[in-house]
Amino acid sequence: PGVMSLALTQWFIAISAVFVLFVTYTLFFGDSAFHQNGLVGKFGALMGTLVDTLCSDRTRGRIEKLVGKKCCGRILRFENYVCFSKNPIMPAIYLAFVIFGFIIFMISGWPLIGATEMAPSYHKFGAIFMVSLCLGVFFLCYFADPGIINSKTFIFYQNRFPYDNMLYPPGKECSTCKLPKPARSKHCRICNRCVSRFDHHCPWINNCVGERNLRLFLTFLCSHAVLCMYGGCLIFMMMLGFVDEQRLWHLHMYNEEGVLQPVTGRVIIQFVLYHHSTVVCLGIALSMISLVLFGFLGYHLWLVWRNTTTNESFKWRSLYRKQAKLKLKLDAEAKAKAEGKEIPQEEEPAPEGSESKPKKPTQTVVPHLYNMYDHGLLGNLREVFVVPTQHAFLKKKGAAQKPAAAQKHAAPKPAPPAQKPATTDQEKKKKNVPPPPAGKKRK
């Protein structure tokens, strides 16, 4: 029975790890053109259908019948509070995971550090340093400014990025903030504010990820992925040291036939689970979480490499779908025209009692889609990790406006002395005539 339960546990852990990785990969790349018609794309579509079904009015009616209308209303209000409003629930859950996980590690695994050569004692300082680093980065991300656009900062963000006339046409206004929408910005309905270079809203840090805190968010993902991987590897080395200390590799045991043989690896794993089940389960959980976090980190680094955001990636997918549909439609029309058939015209839905009108063709050429914000790897990295500050921008702008202002408010120069009008020739002759001699009068 013990061997059977151990085998079932191993299979459960392996299947769970593969399933978590598959779901994570599907969430990131299941909607791409490469996986659209494959297994990953179909599984992603199934997940989307399942979510839509769970959030439908029909499901809500069934829940009302099951638990009552008042209880269903409370559940929906709690869902809106958790999912669609800024609240400290997810950060509190994160802090609980980190703090209680580290306490469990100190209670169960701390005595094993330094007990063998496989896990030297300096890993105690390493564990404390990594947990402190992750908590510090978390609080920095929690309180960081993602690039909030308001009446005071609009002058700084209005010309940060040019309009590409594809994802971001000019002339649009935010209906909530009543401000013109700069390129690559978006209004977050959870935080109720516009954010420059909006990526997504992260519930774990209870903050938006935008232009000014994307580098902190990447540091947050990287530090936690390294922490979980470090914890899983450290626990694995601690268990290897425990096996060497007990000399389990050199033990022998009798099998069912009464033959003496060396101890198998399955028996050793069962022995380790019996004595250190808490630490082993913690190490397995940390290893699985590290794989998911490295997946998130890789996805966001891929977005940085292409100089796009999570919000923009969904927009690009929508545009590519429209482009593919338009291409198929134009090919079908060209084929029908070549065969001499009539091209069927789509009709716009009309209200009841009126005739439907044929829909006018909107496009006859497939548009060329390109990302004008992609400046190459070095340029994209510079844009993410070297963000100009508002103080430097305002100082630079003030320095540029200072000469004009100084010229405007400078004291007026004194007027040049008035020049005497030029004299005529007769006046010049009168001036040159010598005075008459004394006693004679000039006639």
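## Contacts and overall build

In this predicted model, residues 24 or more positions apart account for 64% of the protein's contacts with a separation of 6 or more, where a contact means heavy atoms within 4.5 Å. The secondary structure comes to 14 helices and 7 strands, taken as DSSP runs numbered from the N terminus, with helices (H or I) of at least four residues and strands (E) of at least two.

Of the 443 residues of the protein, 30% count as buried; buried means under 20% relative accessible area, exposed means over 50%, and partly exposed lies in between, with a 1.4 Å probe and protein chains only. The accessible surface comes to about 30,600 Å², of which 64% belongs to carbon and sulfur atoms, as computed by the Shrake-Rupley method with a 1.4 Å probe.

## Basis of the values

Residues are numbered from 1 along each chain as its sequence is written, and side-chain values use heavy atoms, with hydrogens and water left out. Because the model is predicted, local features need pLDDT of at least 70 and side-chain atom pairs count only at pLDDT 80 or more, whereas totals for chains, interfaces and linings use all residues.

## Salt bridges around Arg 184

The count of salt bridges comes to 4, each being a side-chain nitrogen of Lys or Arg within 4 Å of a carboxyl oxygen of Asp or Glu. Glu 312 forms a salt bridge with Arg 184, and the closest N and O atoms of this pair are 2.8 Å apart. Glu 312 lies in helix H11 (residues 310–338) and Arg 184 in the loop between H7 and E2, so this pair ties together parts that are 128 residues apart in sequence. Glu 312 counts as buried at 1% relative accessibility, and Arg 184 likewise counts as buried at 1%.

Arg 184 also forms a salt bridge with Glu 383, the closest N and O atoms being 3.1 Å apart. Glu 383 lies in helix H12 (residues 376–385), so its pairing with Arg 184 in the loop between H7 and E2 ties together parts that are 199 residues apart in sequence. Both Glu 383 and Arg 184 are buried, and salt bridges that share partners join Arg 184, Arg 197, Glu 312 and Glu 383 into one network.

## The pair Glu 211 and Arg 160

Glu 211 forms a salt bridge with Arg 160, with 2.4 Å between the closest N and O atoms. This pair links distant parts of the chain, 51 residues apart: Glu 211 is in the loop between strand E5 (207–209) and helix H8 (214–246), and Arg 160 is in the loop between helix H7 (154–157) and strand E2 (186–188). Glu 211 counts as buried at 3% relative accessibility, whereas Arg 160 is partly exposed, with a relative accessible area of 25%.

## Surroundings of Thr 389

Thr 389 lies in the loop between H12 and helix H13 (390–409) and is partly exposed, with a relative accessible area of 37%. Leaving aside residues up to four places away in sequence, Thr 389 touches Phe 156 and Arg 212. Thr 389 and Phe 156 are 233 residues apart along the chain, and their C-alpha atoms are separated by 9.2 Å.

## The cavity

A search of the whole structure finds 1 cavity of 30 Å³ or more, a cavity being a set of points on a 1 Å grid over the protein atoms alone where a 1.4 Å probe fits but cannot get out. The largest cavity has a volume of about 40 Å³, a volume being the space filled by probe spheres set on the points.

Its lining, made up of residues with an atom within 4 Å of a point, consists of Ile 149, Cys 174, Cys 177, Leu 179, Pro 180, Lys 181, Pro 182 and Cys 194. These lining residues divide into 7 nonpolar, no polar and 1 charged, with Ala, Val, Leu, Ile, Met, Phe, Trp, Tyr, Cys and Pro counted as nonpolar, Asp, Glu, Lys and Arg as charged, and the others, Gly among them, as polar.

Notes:
On a 1 Å grid over the protein atoms alone, a cavity is a set of points where a 1.4 Å probe fits but cannot get out, and a pocket is an open set with protein on both sides within 12 Å along at least five of seven lines; lining residues have an atom within 4 Å of a point.
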